[in-house]
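Here's a quick briefing to read alongside the coordinates.

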Protein chains: 2
Amino acid sequence: MSRSKPTIDDVARVAGVSRATASRVINNAPGASGPLRVRVQEAVARLGYRPNEAARALASGRPRVVDVIAVSCDLPGGWLGSNPYYGRVLAGMMPLLEGVGAQLRVHALTHESAAGALDELAANVTLGAVLSDITPTLAARFHRRCRRVVSLVPTAATVPAMVADNIGGAYAAVTHLHRLGRRRIAAIHGPLISTCAADRRIGHLRAAQQLGLAEVSADAAFTREGGYRAAQRLLEQHPDLDAVFVACDLMAAGVVQALTAGGRRVPEDVNVIGFDDSVAAVCANPPLTTMRLPVEEMAAAAVRLLLSGDVPPGHRELFPAELVVRQSTGSPTVG
Amino acid sequence: MSRSKPTIDDVARVAGVSRATASRVINNAPGASGPLRVRVQEAVARLGYRPNEAARALASGRPRVVDVIAVSCDLPGGWLGSNPYYGRVLAGMMPLLEGVGAQLRVHALTHESAAGALDELAANVTLGAVLSDITPTLAARFHRRCRRVVSLVPTAATVPAMVADNIGGAYAAVTHLHRLGRRRIAAIHGPLISTCAADRRIGHLRAAQQLGLAEVSADAAFTREGGYRAAQRLLEQHPDLDAVFVACDLMAAGVVQALTAGGRRVPEDVNVIGFDDSVAAVCANPPLTTMRLPVEEMAAAAVRLLLSGDVPPGHRELFPAELVVRQSTGSPTVG
DNA sequence: GATAAGGGCGAGAGCGCTCTCACGGGAAGC
DNA sequence: GCTTCCCGTGAGAGCGCTCTCGCCCTTATC
């Protein structure tokens, strides 16, 4: 049937060679040469042959797929739509995968469905999985079932991870505000379930203690609304605050809005510093000073480790957070 | 070997049934019943059996995978990291795919590599492909090679599409500004290569003509920087403008910043209206009035069509853009 | 000139699963 | 009590590919 897609057998027949030789040529493997190579290539071109991924995966036992897994609190995929952070993860992986002809599969799970779904996923991991958001317990469980996995957030010690220096970043952020002469520095932290948020909290507390600052803080979800409301609360309780350290840019954008709405000028009256350097930081007005996380680099490093085939348990690389100064802390820098 | 993963044969042996029956139970297919069902399920649980996706895909001839394809101008994946729009596409598809146990594969292509890569992809499309960003030519080519495809942007007429009413939305946006009493309305359009941008331009021009407005506009890339610079240019040439229609929120966030930097108050001096209702719109300060596109719904509708199995060429559904009023056009609404 | 060594090539056995088909036994119909 | 039908079950043939073998022909070695 000319209707159905050509298979490698068709190619072999047309080229007048065996299926094995056709396979060798198609995969650029040694052991076939000269005129046969050309004949096979011609046949491929003539038939418009494209290898079937599924068959290739089954026969070789190692499909070329990297899975990205995020466990979020709410709707499956809710995070992807609202938090620009995750886009950077995918963006960082893409060029590398492109290079080796691997594919990217995205899985968004809710906490309820996570346990079962993760087992299912673990059984079908091929090149490897990247955990972009997950709790330590679930990560450890996943790692127990599948070794080819790298986490992008701090988790159990055994799980290989490419993690940002959240503690150091938060510490540096608070220190920066202090250096600018701010003394009544409040903090808005993320949800406790997030290990990133927990680390940023630690960094903040450490800095506050060392600098002798009062520990003024509020908790919020990693959303703009969360930041907005937390800032309102903070403003009520501490109307004289002169700086806010916010654990995520999305929240920080809300904080700036709340401050403006509350009659404060940013940065003149109150300095704001965010975290992540996501699109929310540059879209805020004024643009946010923030701690840039090399998310793309971390994601790329995770993929590189997975592609290397050797993912030692406990392997951990720490990526520094870098201060990006924009206008929300008083710099004249303009985008 | 207890080392290697259990197969369906192992399950069948342990359960004391045939492979066929095991398959029936595992897939919830009719034709197996009573005690056998239980025995198979017990065996599955005991062995920790998980079906192999690749084998399943090969044998059934229809792997459960939906591909999302975007062709961007720059780096592979660059768009994903910088434009929150695409996250919404993925988020919209996720719940539906979850429901049917299908997977989501993401492909980010550059214009150079697109042609060849698209052919490759078209040959391996299974449940279907969603084109989230592509030129009409490439879309038509893809559709010629693979019918199971839906575009989320306006393309060639033959390609099935779930598209937003970009023309009507832009028209409504400009009309809204006019209704607020604004008369010196400028526009910032997106790149010509984007059909969405082209349609929004048409809508703007149509409204400008009907309302008797001067056609003041600038072009920019769909980025915050692009919006910022275009606004600066516009402000130089037309310092008296009192409103700006911007073809995308990301640009609009930059526009607000440029206006603020140029000493204009938003919304008092200049009204700004964006497009998309992305995270950039709510992060901007003041939050942006914008034309909300039901991106998630469009993406979901695309998936639903693909899952239905019947994707008639030329099929097209138009999704209305909805005005979301926030502060950048003077409303007192606060997030 | 005989034997060893090497490399190109094809035959064929799976990879783990789905699905068709044929079989057999119990219920229904006469 | 015999035929007919139906439904639960198992045997087995692939799905399209990779990869191991072993064959055979060529080249190197003594």
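A polar contact here is a pair of N or O atoms within 3.5 Å; within protein, one must be able to donate a hydrogen and the other to accept it, and residues adjacent in sequence count only if both atoms are side-chain atoms. One such pair puts a base oxygen of DNA strand C 3.3 Å from a polar backbone atom of A:A59. Keep in mind that this is a predicted model, where local features need pLDDT of at least 70, side-chain atom pairs count only at pLDDT 80 or more, and totals for chains, interfaces and linings use all residues. Residues are numbered from 1 along each chain as its sequence is written, and side-chain values use heavy atoms, with hydrogens and water left out.

**Around the DNA**
- DNA strand C is surrounded by 27 residues (a heavy atom within 4 Å), and the closest are A:T21, A:R24, B:I8, B:Y49 and B:R62.

- The side chain of A:R19 has an N or O atom 3.0 Å from a base nitrogen of DNA strand C.
- A polar backbone atom of B:N52 sits 3.2 Å from a phosphate oxygen of DNA strand C.

- Leaving aside neighbours within four places in sequence, A:M93 is in contact (heavy atoms within 4.5 Å) with A:V66, A:V68, A:L104, A:V130, A:A299 and A:V303.

Note on methods:
Chains lettered and ligands numbered in written order.
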